[in-house]
Amino acid sequence: MRPIPSRLSYLCLHLFAFCYYAQVTNQSPPNFTQHVSEQSEVTDRVSRRLIRIYQLYSRTSGKHVQVLPNKKINAMADDGDVHAKLIVETDTFGSRVRIKGAETGFYICMNKKGKLIGKVRRNHDLRAEAETETGVRP
């Protein structure tokens, strides 16, 4: 013959189920998108600046992107070409990146027509400084 469960055991079981349910439902999943967007807006002068050298491969042309001395950008470089080595720079967590040719020193930019061109750093820095000071792109 089986013993009949007491009211105390039922009460303990219900209390355990309620506590477990309360723990599970109170925790909301972390919102990483919100965290990244908030951290991207903050100017951080303490973070370590990241600089890496890459070669960007174009699946369309089957070659590497290169920055030429005449400020032209194309995807016609072979693997290991001196003009295909690109320096990718970031300043802070989640910030925009700057890409420049390692050999030429020209940054990859886009003109008003949407065409890629090479530019010297001088104009880019002034625009970036104005943007971080005011929070608005000029």
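**View 1. Gly-114 sits in the hairpin of β6 and β7 with a positive phi near 90°.** Five residues lie between the two strands of this hairpin. Strands here are DSSP E runs of at least two residues, and helices are H or I runs of at least four, numbered from the N terminus. The model is predicted: local features need pLDDT of at least 70, side-chain atom pairs count only at pLDDT 80 or more, and totals for chains, interfaces and linings use all residues. Residues are numbered from 1 along each chain as its sequence is written, and side-chain values use heavy atoms, with hydrogens and water left out. Strand β6 covers residues 107-110 and strand β7 covers residues 116-119. They pair in the antiparallel sense over four bridges; pairing requires that DSSP finds at least two bridges between two strands. Tyr-107 has Lys-119 in β7 as its bridge partner.

**View 2. Six residues form the largest nonpolar core.** They are Val-65, Val-67, Ile-73, Ala-75, Leu-86 and Phe-106. Such a core is a set of buried Ala, Val, Leu, Ile, Met, Phe, Trp, Tyr and Cys residues joined through side-chain atoms within 4.5 Å. Buried means under 20% relative accessible area, exposed means over 50%, and partly exposed lies in between (1.4 Å probe, protein chains only). Two elements, β2 (64-67) and β3 (73-77), each give two or more residues to this core.

**View 3. Which residues does Phe-106 touch?** Its contacts (heavy atoms within 4.5 Å) include Val-67, Leu-68, Pro-69 and Lys-71. Also among them are Ile-99, Lys-100 and Gly-101, as well as Gly-118, Lys-119 and Val-120. Residues up to four places away in sequence are not counted.

**View 4. Asp-78 forms a salt bridge with Lys-63.** A salt bridge puts a side-chain nitrogen of Lys or Arg within 4 Å of a carboxyl oxygen of Asp or Glu. By this rule there are three. In this pair, the closest N and O atoms are 2.7 Å apart. The link joins distant parts of the chain, 15 residues apart. Asp-78 lies in the loop between β3 and β4 (86-90), and Lys-63 in the loop between β1 (50-54) and β2. Asp-78 counts as partly exposed because its relative accessibility is 46%. Lys-63 is partly exposed too, at 27%.

**View 5. Glu-89 meets Arg-98 in a salt bridge, 3.3 Å from N to O.** Both residues are buried. Glu-89 also meets Lys-100, at 4.0 Å. Lys-100 is in strand β5 (residues 97-101) and Glu-89 is in strand β4, eleven residues apart. Why does Glu-89 count as buried? Its relative accessibility is 4%. Shared partners join Glu-89, Arg-98 and Lys-100 into one network of salt bridges.
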